[in-house]
Amino acid sequence: VLESQPPQLATMLLDKHRKPPLIWRVLPPLLSISRVTAAPLIARDDQTSGTGTTSGSGDEAPNIVSNFQDLGAVLSLLAADTVEKKLSDPKAADWERMSTTWSLFGIIGAVRAHLKVAAGISGAERAGVDLCGAGVYTSKQTNGAMSVLKIGSPTLERWWQNDEGQMLGELELKNSPWIRPHVVAMGYSQCPFKGRKAVAEVVRQLLWTFTTVAVTCTPAILFRGSSSGILVNFTIVSLAVSGLIAGCLLPLLMKICNPKGVAHFSQLSTARFPDPYKNLLQDMILESQGEDPISRDSDPIAMFEDGDRVITPDGGTCRIFWQEPNAPTFRSGDLILIRLLAAFGTCTILVGYLCNYLELGKASSRISYAWLGVQVGILFIRYCLWATRPPILEGGTVGLAFIATGSLVQYSIEPESTDTSGFVQKEVVSFAIASAVSKAINTGESIATLDYPTLSSLAGAIPPDILRTGFLDLKTVFGCAPEVQPRKPPVSTLSIPQLRQTPSSSTSQTAEEIPLTELAHPDELRAIRLPWSFLEEYYTAQGLILGHLQWPVSDIYLAAAFRKETYLGLVTIRPMQRQDYSPDDMFATTSEGFAVCGDPLNCTIRPVKGGLMDTHYHNIIRTKIRDGRESAVANGPAHCELHARHLRIGSSTGEHITLTMPSLFEVMTQWGAQAVDHHKNKDHSKCGKACSIFSAENGVVF
């Protein structure tokens, strides 16, 4: 080999007092430089005789450092992607994440996974990095994440949530009998971290941690057979720290600190469940008298309350998650301490990698071959474990209970119903706002018209089937045509018809009238804008799917008219340019030409001329709205389905039962309240591998 080199280079290489530059030893292993010959790039002394002379290099095998670089590059490329996916996959078991640092081949995958967390998961994706499932660890927008809204939040508090591979990712229904099912995650069951199970969990994690550190350091320990000093010890320590931090501690913290997205049963309040014995005495008296018990269909029972969360996709399953008070909105990948730990773990991996190859460059051929064999053996064993996923030292299970239903309240609006009595409960309005905002964000639409303070004032003021109330004739309401100086009619002789129009008779009016003397400010009305996206969710919550509506005139919108706190009916409003004779704050007119002033979302209709009458386009819109209500269909059957699943941690497999319940009342009183009470008082020391969700009170132990 030396004879084939130039004289100057041969002289430099044989001079034992002149060592080759450090960069010649480091760059080839790092960059996996390919060479066309098998000759080593650097010739050096592997052994020295007792007199200090070099032994014949022709009798020694070529140094492995210079010949296996291509093999190392191939093995690293084959293993890097799988390592990155295992670290980012929320379904991966703890031992699978820990084993990602066992071999240096593929360690670049661990570096990429931790760098994504350190730099910010959402920002890394925008920079073009594939998250490989790590989107479940951030509450910021990523591919596959859905907008989640807190029900009843005046500020429309929202963030992003990706449940793919998580426990809540198992909420999707197959072969659902509903057009658009509502899936309500009630809570999850899991034994608390105490007692014998806590000790067993700690021992399990310590065993895997010890195994990870030992396997990661084993190839580097071989260097002590041919070298000693600070560098070899520092190499072993750096590899041990990288295995401990990047392989064990960081993946565990990412999983533990990541919220499950739904409340534990023991954290739920019993106040959200109705009392089944509240009206029992009254019903018993009625039955003793030969009368039917009072129907509870109109009782204000809802499948959610303020503080719960909702995710509504476009045309898919609407998911609601029960929450305990002050539930966190962040996810583990957003915590600054975890991001700093990920950055530190990345540094330890790189330091261990560099020090390992510095020692490898000084090792003899025998040690180098042994190092390569150990690394390949570890890589092969790890691949077999990942491929088979044996249930070795596996963790426990987590139970999840959820309800599938077509209506989120006790009653359902029938498609043929024309009843406009009663008032809608607050929960329906709060859900409709949050669900409409979530759906609009997920589809990229504007939410400017979905104002919570304005729309929330409709609760308890409008009927459940508001589209059946019909449209107002404002000339009749005001008792005059729009004028520049409107005439005030005599109060004693004027009354306002409360319209109850049906789609088949747009001009008919009922005889029910409200005296004007009972209303304040008889010279103006208040109108609240009703976005169609809000109405769709409003009716869906009550078990009715509105027909498709395509607005032929985009600037005309629907509004609910009030005088004082009394709902009168529907109106249509069209924005236009202010005329010379119009009020200064006017921005729109009604079909009769009355001026509409103030806030476009919560405006005032005055008996003042605001423009010319334009009934043609208004009538087109009103006909479309009536057709949308007339073509509405029921969401599905009236019964509910109660689902309970036990999922093995780190897997989507487990037991699953389904119970069909006749109504929402039975689900809430017989199962929901019983599950909460069961978890608040149960003895977890008697639990087996799975923490039971329901007790034997209802005949089912699961």
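**Rings and burial**

Reply: The structure, a predicted model, holds ten aromatic pairs. One of them joins Tyr357 and Trp371.

Me: What makes Tyr357 and Trp371 an aromatic pair?

Reply: The ring centres are 5.9 Å apart, and the cut-off for a pair is within 6.5 Å, so the two rings count as a pair.

Me: Why is this pair called edge-to-face?

Reply: The angle between the planes is 65°. Planes over 60 degrees apart count as edge-to-face, so that label applies.

Me: Where in the chain do the two residues of the pair lie?

Reply: Tyr357 is in helix H10 (residues 336-362) and Trp371 in helix H11 (residues 365-388). They are 14 residues apart, and the pair links distant parts of the chain. Both residues also belong to one aromatic cluster with Phe105 and Tyr353.

Me: Why is Tyr357 called buried?

Reply: Its relative accessible area is 8%. Buried means under 20%, so Tyr357 is buried.

Me: How do you know that Trp371 counts as buried?

Reply: Trp371 has 0% relative accessibility, which is under 20%, so the label holds. Across the chain, buried residues make up 49% of the 702 residues.

Me: What makes Arg272 a charge over the ring of Trp322?

Reply: Arg272 lies over the face of Trp322, at 4.4 Å from the ring centre.

Methods:
Residues are numbered from 1 along each chain as its sequence is written. This is a predicted model: local features need pLDDT of at least 70, side-chain atom pairs count only at pLDDT 80 or more; totals for chains, interfaces and linings use all residues. Side-chain values use heavy atoms; hydrogens and water are left out. Rings of Phe, Tyr and Trp (its six-membered ring) pair if their centres lie within 6.5 Å; planes under 30 degrees apart count as stacked, over 60 as edge-to-face and the rest as tilted. Helices (H or I, at least four residues) and strands (E, at least two) are DSSP runs, numbered from the N terminus. Buried means under 20% relative accessible area, exposed over 50%, partly exposed in between (1.4 Å probe, protein chains only). A charge sits over a ring if NZ of Lys or CZ of Arg is within 6 Å of the ring centre and within 35 degrees of the ring normal.
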